[in-house]
Amino acid sequence: MASITTADTASLRSSSRSARGDAVFRTLTFIAGAFVFVLLGAIALFLVIKAMPAIKNDPTNFFTTTQWSSSAYGIAATLFGTALTAVLALAIAVPVGVGVALYITQYAPRRIATLLGYVTDMLAAVPSVVYGLWGLIFLLPRMVGIDHFLAKYFGWTGLFHDPAGGLNTFPKTIFSASIVLSIMVLPIIAAISREVFRQVDPVQKEAALALGATRWEMIRTAVLPPSRAGVISATMLGLGRALGETIAVALVIGNVNRVSGHVLVPGGNTIAANIANTFGEAADKGPLIASGLVLFVLTLVVNLAARYVILRAGTEERSAV
Amino acid sequence: MAKRIETVDLSCYYGSMQAVEGVSLTVEPKSVTAFIGPSGCGKSTFLRALNRMHEVIPNARIEGTVLLDDEDIYGPGIEAAAVRRTIGMVFQKPNPFPTMSIYDNVAAGLKLNGIRKKSELDGAVERSLRGANLWDEVKSRLNKPGMGLSGGQQQRLCIARAIAVEPQVLLMDEPCSALDPISTLAIEDLINELKDRYTIVIVTHNMQQAARVSDVTAFFTLKGPGEPGRLIEVDATQKIFTNPSEKRTEDYITGRFG
């Protein structure tokens, strides 16, 4: 059994071959990790270098001008449109997404829950241009009736006010863009919320039921409170997606730079849609890149905030134990 | 305040698997009844059938009757939530609501019952925490998270939460199995005090505990793996532990289990 003896000795001694392999692999993974930082830094640097001259050369104030032409340009209208479409989209997608997640985790029989889970995940896999085309060809013509209804009964809110008293028959509006966006961010919110709700300890749910809670009271007492941070971060990640979404919004929004809260009036624009729609013809790409920089910073901040919420919720739970 | 529980030929199922077969048993008010028996004998399942917590598990169901002072808790028009409000439960693992303070944990059941008035809640929270022998330890930090307490304190917090809604019966599913001996003693003392006001049923793996706290002991066992659990014998605790009528009970009590 001499072979075993050699094998034993070999495995005990630090073999130079395996040590080298380890070092190589460690270096490779380090490079891969470092590459992410370099990449993000390079993108930021590229944006800043290209954007700065454009912002400096702008004869008007880049942040307060609504107009976008080769002589005077500013992001006031597109930034406003970006924020408004994203917020409206979330106002629709968060209740629906949380509802879907609650149904899947708390109410549905297992087979339906699994199926519904797959379907919501598949919604996330649909390319955004498909959502845009669907919105343009299918949704827009059907928005006319909805818009009239909202203007008639909810015009007093201001949001759905129709100042001209006659809505467009082809409503390329902030509201239409928000609807398409809400469908696009729904899977993110539903999927993350689903995981968050699923992680609630069953003994907490039993505790609520044993106190005489109905199913909905049990959800309110034992499921929603510990899931709050998770749902907030799901919302933030959805917001990040909604802010940056380009092609689907470019297809259904009016491409009219305007700061107006009347979301049913044709027009409106977002930073991303503006870049997509004007980049080809633009002689000077600088201003567009500058607006891209603003969007980059905005989404970065939103995503960091989402991480921060998750992190803080985690430490709170640990410190409580 | 305390009611009698009576089961008639009660069987419990998980889907097609029968866990408990044909148990008929009466639990007298203001007494402590202990369920003992080997693991898998169905004593916890049977306990959960007494306040309709059994049916929370998908496909779980029962056959037979459970009477609370002659009212069928599985009868038509009876709501499971209302039954559970009347028959409270304390679980094996302390399970205070993690995001709630000590105060809110105790008040949770009252709020579910629509009680919102601060003075009323304050009174009930103090009364329940005193009832659970926890008031003196937590009165200065009622707004701190319930999860910050020790395991034994958390379990007493859960007892306070359960008695805050003033149930008729308190079911305890191995309430001390996750606790150290000192905390266990505190809970046992508490059970002794609580039986003046409540009907108490406790499932325990610890035979000394059954002997210490209960007035009546019910012994459950099963013939073999996969077989449903059955009630073998129920009698005064004193008698079960000194002179049981059934050979199987004696074998289990004396450690000659087979």
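These legends go with close-up views of a predicted model.

**View 1. An aromatic pair in chain A, ring against ring.**
A search of the whole structure turns up 13 aromatic pairs over all chains. Here we zoom in on Phe62(A) and Tyr73(A): their ring centres are 6.4 Å apart and their planes sit at 75°, so this pair is edge-to-face. Both residues belong to the loop between α2 (16–57) and α3 (76–107) of chain A, eleven residues apart. Are they buried or exposed? Phe62(A) and Tyr73(A) are both buried.

**View 2. Charges sitting over rings.**
In chain A, look for Lys285(A): its charged end sits over the ring of Phe279(A), 4.7 Å from the ring's centre. Chain B has a case with an arginine, where Arg61(B) lies over the face of Tyr13(B) at 4.2 Å from the ring centre.

**View 3. Where chain A meets chain B.**
How many residues does each chain bring to the contact? Chain A brings 19 residues and chain B brings 25. Together the chains bury about 1,900 Å², with carbon and sulfur atoms giving 65% of that area. On the chain A side, Glu206(A), Ala210(A) and Leu211(A) supply 32% of the area buried against chain B, more than any other three residues.

**View 4. Salt bridges across the interface.**
Two salt bridges are counted between chain A and chain B. In one salt bridge, the side chains of Glu206(A) and Arg48(B) meet, 2.7 Å from N to O. Both α7 (202–210) and α8 (215–244) of chain A supply at least two residues each to the side that touches chain B. The top giver on that side is α7(A), with seven residues.

**View 5. A salt bridge within chain B.**
Over all chains, the count of salt bridges comes to 21. This view picks out Arg4(B) and Glu28(B), whose closest N and O atoms are 3.4 Å apart.

**View 6. A salt-bridge network in chain A.**
Which residues are linked here? A network of salt bridges connects Asp121(A), Arg194(A), Glu195(A) and Arg198(A).

Methods. Residues numbered from 1 in each chain as written. Chains lettered and ligands numbered in written order. Predicted model: local features only at pLDDT ≥ 70, side-chain atom pairs only at ≥ 80, totals over all residues. Heavy atoms only, no water. Phe/Tyr/Trp six-rings, centres within 6.5 Å; stacked < 30°, edge-to-face > 60°. Helix = DSSP H or I, 4+ residues; strand = E, 2+ residues; numbered from the N terminus. Buried < 20%, exposed > 50% of the residue type's maximum accessible area, 1.4 Å probe, protein only. Lys NZ or Arg CZ within 6 Å of the ring centre and 35° of its normal. Contact = heavy atoms within 4.5 Å. Buried area = accessible area lost by both parts, 1.4 Å probe. Salt bridge = Lys/Arg side-chain N within 4 Å of Asp/Glu carboxyl O.
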